[in-house]
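Reader: I would like to go through the pockets of this model with you, and to ask at each step what the wording rests on.

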Amino acid sequence: SLLGVLDPESVPGVRNWVLGAERLNADLASRWSGRAQVWNTYGPTEATVITTAVPLDRGIRPEDLPPSIGAPIGNAQVYVLDGFLQPVPVGVTGELYVAGAGLARGYVGRPDLTAERFVACPYGGRMYRSGDLARWTADGQLLFAGRAD
């Protein structure tokens, strides 16, 4: 939202823009990527805000598809799973789950919501059911595909 109302000429000297919290489209990314490195990130508050990141190609064009939300950062694990908590194949949309060192323990005073959203991870530990949909690309990037609800 902020970059959508700013003029790139009004903020000279910025070398990196780290964006998240809203879906980034190629048009907006292209307006800024020629002046600075634009990073697209993804991550729910329940997982310390950033769990995936990717530096965008400076050659992104307004008509390109929306950029990926990247790949997991070093202390996060991200899974795209089906309704049985099994990984979906590359290119298939599933629900996005997040695990790792930055994962919250749950919601204070909300054991019901905690039990619904923080679930056992089939690979050990716990993971957060984000409610977001995504799919993996062949080169290990995640594409945001909307909400499950």
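Reader: What makes helix 1 and strand 1 contributors to the lining of the second largest pocket?
Author: In this predicted model, helix 1 (2-5) and strand 1 (16-19) each supply at least two residues of that lining. A residue counts as lining when it has an atom within 4 Å of a pocket point, so the residues supplied by these two elements meet that cut-off. Strand 1 gives the most, with 3 residues.

Reader: Which residues lie closest to the centre of the second largest pocket, and how much space does it hold?
Author: About 210 Å³ of space lies in the second largest pocket, and of the 13 residues that line it, Ser1, Leu2, Leu19, Gly20 and Glu22 are the closest to its centre.

Reader: How do you know how to class the lining of the second largest pocket?
Author: Leu counts as nonpolar, Glu as charged and Gly as polar; by such classes the lining has 8 nonpolar, 3 polar and 2 charged residues.

Reader: What is the volume of the largest pocket, and which residues lie nearest its centre?
Author: The largest pocket has a volume of about 460 Å³, and among its 21 lining residues Glu22, Arg23, Tyr42, Ile69 and Phe144 lie nearest the centre.

Technical notes
Residues are numbered from 1 along each chain as its sequence is written. This is a predicted model: local features need pLDDT of at least 70, side-chain atom pairs count only at pLDDT 80 or more; totals for chains, interfaces and linings use all residues. Side-chain values use heavy atoms; hydrogens and water are left out. On a 1 Å grid over the protein atoms alone, a cavity is a set of points where a 1.4 Å probe fits but cannot get out, and a pocket is an open set with protein on both sides within 12 Å along at least five of seven lines; lining residues have an atom within 4 Å of a point. Grid points are joined across faces, edges and corners, and a volume is the space filled by probe spheres set on the points.
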